[in-house]
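Walk through this structure with the coordinates open.

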Amino acid sequence: MARGERAFMANEQDRMERIVALAKRRGFIFPGSEIYGGLNGFWDYGPLGVELKRNIKDAWWHDCVTTRDDVVGLDAAIIMNPKVWEASGHLAGFTDPRVDCKECKARFRADSLGRVVLLPEGTLPEEVASFAEYPSFLAHPGTPVYSMQPQVRRVLDSKRAKVIDDQDSGPPIVRDGDQTYVIHAIASHVLSSDVCPYCGGELTEPRQFNLMLPTSIGAMEDSSSRAYLRPETAQGIFVNYKNVLDTSRLKMPFGIAQIGKAFRNEINPRNYTFRSREFEQMEIEFFCHPSEADKWYATWRQARFDWYVGLGLKSDRLRLRDHEKDELAHYAKACADIEYAFPFGTAELEGVANRTDFDLKQHQEFSGRDMTYFDDETKERFLPFVIEPSGGVDRALLAFLCEAYDEDEAPDEKGNPQKRTVLRFHPRLAPIKVAVFPLVKKDGMPEKARAIYEECRRHLAAFYDEKGAVGRRYRRQDEAGTPFCVTVDGRTFEDGTVTIRDRDTMKQERIPAEGVLGYVRDHLHI
């Protein structure tokens, strides 16, 4: 691997660590149950995080439901009749391969581990030449996984092999005893792991592990009381499809939207909040005539990608990737992933799929209820096809957080350049829209600033702060992603103006004190 690629990966890892630290320091995201040591795969959202999350959901609901006349909402129960999951295939097929270390007892998804292969220097078998370029534990898309990865380093340590030459091109060379080797990390979907990435111990054979979280209903804890926390929100829409159709008098095509919690018993939650055991989904099931499914799939595919761009994911880190035929789920005719290049690797934010009539056909068979749609105009009866845009709230939040994170320089109170951390959120997503400060806590400034704040907070998210130097207050709001800061000073009582500071440009201007709310609304287009 070239030295530049190694530096890029190290910078990305360091960037992720800074984002995580900022998220906790400013009250965006906390580890779940932290005072008791936490619980892997569960996260809590603090004061700023819950506002950011709510803004994402509100923007999605406004754009996908409120402003459309062909989509309605639903809020289905988290716990459903277990037969729902039998019909959907989750009871039988919602599994991941699991392996356990016989030495340290650590547990992993078998398909998330890569095999580290030590080959005599100068040899490159055909199978390695074919697969070595595929990433395994993704640090950067398209980058081979070599010895700088922590997992690979642990394996090398277990083999007592030491890196003796990190080359500018090609894989690193290591020495194990008297033998010199070249390292190749083989992609996880090609070869399964042969050793534990933590201790180098022997792993068990892969065993299938159901991802649904079971629970019990009623007084008796036996098979008759077994139920599950839903692993997805989609099935709640499918089983209510007829109820919505009969009560809302909708006509085909139409969609049913839902935002809600889902739970998956992930074997190895990882990458911060990206892969968690408790998460929230934003999902639409759009029902249409089979002959129009391809058209609606193309429409939703582009519309959902454009939504992320419109809310600030404008860098080349965002991409739309169509699935190859061998990637498609058994029920899908087509699928595309909206992906984002996080600092830990490129991963899916949202999937848009043509699910055909699979789900309605399954529930019709298992429930005995007629799921067909009758068109009064054409006198045709048919099972609708379904286009499904399904995105993660938590994943979207993490992407917006990573995209917004920036570092630059700003002058301090004395005019000296100082490093600044800023979150450049899109105005619709910013947890706080405007912060109001008195320059000092005297001479009537707090009272005037408080009056401006009270007026603003009746209409938008506002914040009042009178503690510390005004420069430090600016920095705190930059880290919160607040677009505007308003300062009441001595001149306010002379000419009735205040200073308003722009987060991104740091430029300041004087505006009338009574015009603060209107100024913020006009400039944020809210």
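Angles between axes of 65 to 115 degrees count as roughly perpendicular. Keep that range in mind for α2 and α11. This is a predicted model. In it, helix α2, residues 47-66, packs against α11 at an angle of about 110°. The two helices are therefore roughly perpendicular to each other, since that angle falls within the range. Their axes are 10 Å apart. The crossing of α2 and α11 is right-handed.

Which residues make the contact? From α2 come G49, L52, K53, I56 and K57. From α11 come V393, D394, A396, L397 and F400. By type, the residues of this contact divide into six nonpolar, one polar and three charged.

Follow F400 next. F400 sits in α11, which spans residues 393-404. Is F400 buried or exposed? It counts as buried, because its relative accessibility is 3% and the cut-off for buried is under 20%. Leaving aside neighbours within four places in sequence, F400 is in contact with I56, W307, Y308, L311, L313, F425 and L429. Take L429 from that list. L429 is 29 residues from F400 in sequence, yet the two C-alpha atoms are 8.7 Å apart in space.

Y308 is another partner of F400. Beyond four places in sequence, Y308 is in contact with L313, L318, I338, L349, E350, G391, A396 and F400.

In soluble globular proteins, nonpolar side chains tend to be buried together. Here the largest nonpolar core has 59 residues. Which members touch the most other members? They are I56, Y308, F342, I387 and F400. The largest share of this core, nine residues, comes from α11. A second, separate core has 22 residues, including M445, A449, A513 and V520.

Return to α2 for L48. L48 is buried, with a relative accessible area of 12%. Its contacts, not counting residues up to four places away in sequence, are R26, G27, F28, P431, I432 and A480. F28 is 20 residues from L48 along the chain, and their C-alpha atoms are separated by 4.9 Å.

A480 points the way to α13, residues 470-480. This helix is mostly covered, with nine of its eleven residues buried. The buried residues are V470, G471, R473, Y474, R475, Q477, D478, E479 and A480. After α13 comes G481, with a positive phi near 85°.

Loops deserve a look too. D357 lies in the loop between β17 (345-354) and α10 (358-367). This aspartate is buried, at a relative accessible area of 16%.

Now for some backbone details. Most residues other than glycine have a negative phi, and most peptide bonds are trans. Where does this model depart from that? S33 has a positive phi, near 55°. S33 is found in the loop between β1 (29-31) and β2 (43-45), and is partly exposed at 42% relative accessible area. M506 also has a positive phi, near 65°. Its loop runs between β26 (497-502) and β27 (508-512). M506 is partly exposed, with a relative accessible area of 23%. The peptide bond from M252 to P253 is cis, with omega near 0°. P253 lies in the loop between α8 (241-248) and β13 (254-263).

Step back to the whole chain. The protein has 15 helices and 27 strands. Of its 526 residues, 50% count as buried.

Note on methods: Residues numbered from 1 in each chain as written. Predicted model: local features only at pLDDT ≥ 70, side-chain atom pairs only at ≥ 80, totals over all residues. Heavy atoms only, no water. Helix = DSSP H or I, 4+ residues; strand = E, 2+ residues; numbered from the N terminus. Buried < 20%, exposed > 50% of the residue type's maximum accessible area, 1.4 Å probe, protein only. Contact = heavy atoms within 4.5 Å. Core = buried A, V, L, I, M, F, W, Y, C linked by side-chain atoms within 4.5 Å. Axes fitted to C-alpha atoms, helices over the stretch in contact; angles between N-to-C directions. Parallel < 35°, antiparallel > 145°, perpendicular 65-115°, else oblique. Left-handed = near helix turned anticlockwise from the far one by under 90°. Nonpolar A, V, L, I, M, F, W, Y, C, P; charged D, E, K, R; others polar.
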